[in-house]
Amino acid sequence: VNLPPRSNVERSAMHKASAMMLLLAAVAAGPLVDATSFGQGLAANPIRKVVTMLQAMQTKVTEEGKKADELFEKYTCYCKSSGGNLAASIESAETKIAELSSSIESDSEKKAKLEGDLSSHQEDRDAANKAMAEATAVREKEKAAFDKALGESKTNLVAMRKAVEALEKGMAGSFLQSGAARFLQRYVASNHQLLETDRQTVLSFLSGQQAEAYAPQSGEITGILKQMEDEMFADQKDMIATEDAAVKAYEGLMAAKKKEVAALSKSIEEKSARLGDLGVKLAEMKNDHEDTVEGHEDDKQFLADLKKNCASKSGVHEEEKKMRAQEIVALADTIKVLNDDDALELFKKTLPSSSASFVQMQASTSALRAQADAMLVQARARLSPGQGRQRVDFISLALRGRKVGFDKIITLIDELVATLKKEQTDDDHKKEYCAVQFDESDDKKKSLERSLDDLATFIAETKDGIATAAEEIKALQDGIAALDKSVAEATEQRKEENAEYKDLMANNGAAKEVILFAKNRLQKFYNPKMYKAPPKAELSKEDRIFV
């Protein structure tokens, strides 16, 4: 039968009850003990000791009850205070979880926006750097083209001035022999802005065809050259102005782009720092959120366990309190019973008085008779029927009769002693004979033991041989069984393969017939000459009658 578990109070009460019952049993059995056992404890009343012990137990149980009540009140206070604190902590955790969830969502959106802005700023800065690089490359090309064109313009202008000066001084012949004249000739030939007549006139002069006939008074070629000089000078001024404007535009573009790059770089640095701080903040809030959620769950579980334990503890305390009250009542009833006047009078009658003296215990005649009778029984057991058992029986009968004198008994005993001495002498002789026989038997025993050892060795060797042969037979049997199994498996496999082959051949034949039928059907449409009509079925007599 499965019994419910006992509480500490029940176990303690059972132990105390067991001890009390043992003590009461010892007190109750006191008068049955030999009188000498009371010689050392007459001064103290054992009943009074029991009552005193029971009163001490009653006081102790009462004090334990008070302590248990105090502890239960403290535990109840702890349950109430801890429950309130846990409830407040759970409510605070729920509020904090909601706030953290909202903050995490908001900061996550901010982080995503910052990442988008940062990516856009980086793209804009890369585009600005690329635009500055392209503008610098174009400016370098324009500067190289300007330098080249300006050099050629200056060279052409110098050559033009030399030609005009030489013509005005009448030194056309020497000028035509110089390199400046050849350079000027190439320039005029490539200048398509001149009128064709003017270009031909100047080219004829520079080639020396009109050099002899040229008169400085006419001033035709000089005027053309001066006009070309003025145009070249104007073109040079326009070229320089265009270059200055391009430089100014380039510098303005570079300044604007540098400001843009600087602003974008500053914005990238600021937003990168904000993004890093926001990432750290988000990570901390997420960790705080996880810790808060875990703590919230732990607090809820602990609160549930606390409520359960507090409720169960209340029931346990009430049960212990009830059991303790029952124990106190039982102790009080026991004390009342032992202190009752009738019980005290009864105990006075059963307990020894102070004038009791030591009792001398003397062996009675009946005890001696019993001891002598026991010794005679032992002696009779050693005698055979023809060795005087009747006399021993007579002595025993005399001892039990209690009316026969001991003279005849003593005489019989003396005769029995003489007989026993004689038998002892015979026994000594028999002992020597037996010793010789024992020696001979021992020698035979040793010889037989050696023979047994040899036989045991032979048997062991034979058993080993039998075991070896049995193992070999078992191995052969296992081999034969494995071979039989392999043969059976091979046979079964071969049967399956044969069945599969037959099925395959039957299927192949059927498939071949189907293919031939299909081929013949196609032959009927595509190649009627190769078509083979199926044979006409001949009807049986019954079929013809039916038709």
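Predicted model: local features only at pLDDT ≥ 70, side-chain atom pairs only at ≥ 80, totals over all residues.
Begin with the salt bridges, of which the count comes to 11. Select D107 and K281, whose side chains meet in a salt bridge with an N to O distance of 3.8 Å. D107 belongs to helix α2 (residues 46-169) and K281 to helix α6, so this pair ties together parts that are 174 residues apart in sequence. The two partners can then be coloured by accessibility: D107 counts as buried at 6% relative accessibility, while K281, at 42%, counts as partly exposed.

Next, select K113, D117 and K271, which are linked in a network of salt bridges.

Proceed to K257 and E260, a salt bridge in which the closest N and O atoms are 3.6 Å apart. These residues stand 3 apart in helix α6, and about one helical turn therefore separates them. K257 is partly exposed, with a relative accessible area of 21%; E260 is also partly exposed, at 32%.

Remain on helix α6 (residues 220-339) and select D298, which is placed there. D298 is exposed, its relative accessible area being 52%.

K446 counts as partly exposed at 43% relative accessibility, and D442 counts as partly exposed at 34%.

Key: Residues numbered from 1 in each chain as written. Heavy atoms only, no water. Helix = DSSP H or I, 4+ residues; strand = E, 2+ residues; numbered from the N terminus. Buried < 20%, exposed > 50% of the residue type's maximum accessible area, 1.4 Å probe, protein only. Salt bridge = Lys/Arg side-chain N within 4 Å of Asp/Glu carboxyl O.
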